[in-house]
Amino acid sequence: MTVTLADVAARARVSPATVSRVLNGNYPVAAATRERVLRAVDDLDYVLNGPASSLAAATSDLVGILVNDIADPFFGIMAGAAQTEIGGQEGTGRAGGEKLAVVCNTGGSPERELTYLTLLQRQRAAAVILTGGALEDPVHIAAMTTKLAKLADAGTRVVLCGRPPLPGSDAIVASLAFDNRGGARRLTEHLLTLGHRKIGYVAGPLERTTTRHRQEGHLAALAAAGLGDPASGAARGEGSGEGPGEGRAGQEGLIVHGPYSRRSGYEATLELLRRAPDLTAVVAANDTVALGACAAVRDQGLRIPEDVSVAGFDDLPFSVDATPALTTVRLPLHEAGARAGRLAMGAETPPPGGIATITAELMARASTAPPRATR
């Protein structure tokens, strides 16, 4: 049932004219009254018809691209590629079927993610692209399912890029999911093949799908080599809080959690080396974390890869220019972003079932080598 301006007025105990004044911002309204009206708007999920008010069922020329951190190349590359497809051909100098792409930086906040979706809903966005991993929280998942359903009902095309499908949601046009498990497994298998048996793992933040899937791939490779149980709580080594987590000693406890940042990689690697001075390899949750890991290894007077091998994930542009060049897993970020942009514009047919798994490719480089004992 469509919520009307009169419904908001009744909820806020004001006149419809007052609601209109608050939403249009063209007339002074008491702060307490304004707050009451805005709270009613949020509670009822009221959508103000903007430029398309005369065409209530129509969408606008706006497309929202949600990212965790636009300064992170992982998100920037996908967003840039999607924006190119959404904007149409360059240099035409005229408006045709193009849309205006707006990048929304959530900072990893689930609240901001929902807020941006609400704002895009009120603007009757033609499409929304959500990039990167999702938060594994039942309350947030339920809220996202509801919000995306309302967007889809209003004609908004919803595309997930680098994010697994949302359980129980029929609102999504396509989910382009990276094979994080397979990529992480192949990366750890590469180190095992080189002869490493004491491998530390710097994981991402808890409750993120990307973190869990990459960690599961890493643990599966260890289990296949007889070095751990992927279902073991000890193998997870999960901690709590903002900084790197605690874990048990031994192979199964060589996992530390933290943010996807260089600082986290540095601090977590120092912790791993403290727990296991005989560590021969460190696998980082992504390439940025791996840079911090490399710095920590060097600050301990150790060499890469002679003393400790280091590997990352994503194959961001700087990884090949690191010294030594970083072994990593390549995700086709530009290709995925461009495809998401075409799907958002309706310029490409969605994959069968609306779900596509994008292959991750191992890039073996100079930062990994056999441990000294096997050379």
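1. At roughly what angle do the axes of helix H5 and helix H6 cross? In this predicted model, the axes of H5 (residues 110–122) and H6 (residues 138–153) cross at roughly 10°. They come within 10 Å. Angles under 35 degrees count as roughly parallel, so H5 and H6 are roughly parallel to each other.

2. Which residues make this contact? From H5 come Pro110, Glu113, Leu114, Leu117, Thr118, Leu120 and Gln121. H6 supplies His140, Ala143, Met144, Lys147, Leu148, Lys150 and Leu151. Sorted by class, the contact of H5 with H6 has 8 nonpolar, 3 polar and 3 charged residues.

3. Next, the cores. The largest nonpolar core has 44 residues. Ile65, Phe74, Ile129 and Phe178 have the most contacts inside it. Among helices, look at H4 (residues 73–87): this helix gives the most to the core, with 6 residues. In soluble globular proteins, nonpolar side chains tend to be buried together.

4. Phe178 deserves a look on screen. Leaving aside residues up to four places away in sequence, Phe178 touches Phe74, Met78, Gly162, Leu331, Leu333, Ala336 and Ile358. Another core, of 19 residues, lies apart from the largest one. Its members include Leu279, Ala284, Val310 and Leu326.

5. Finally, confidence. The protein chain has a mean pLDDT of 88, and 87% of its residues reach 70 or more. Two stretches call for care. Residues 91–95 have pLDDT below 50, with 1 contact in the model beyond near neighbours in sequence. Residues 233–249 also have pLDDT below 50, but this stretch has 44 contacts beyond near neighbours in sequence.

Definitions and conventions: Residues numbered from 1 in each chain as written. Predicted model: local features only at pLDDT ≥ 70, side-chain atom pairs only at ≥ 80, totals over all residues. Heavy atoms only, no water. pLDDT = per-residue confidence, 0-100. Contact = heavy atoms within 4.5 Å. Core = buried A, V, L, I, M, F, W, Y, C linked by side-chain atoms within 4.5 Å. Buried < 20%, exposed > 50% of the residue type's maximum accessible area, 1.4 Å probe, protein only. Helix = DSSP H or I, 4+ residues; strand = E, 2+ residues; numbered from the N terminus. Axes fitted to C-alpha atoms, helices over the stretch in contact; angles between N-to-C directions. Parallel < 35°, antiparallel > 145°, perpendicular 65-115°, else oblique. Nonpolar A, V, L, I, M, F, W, Y, C, P; charged D, E, K, R; others polar.
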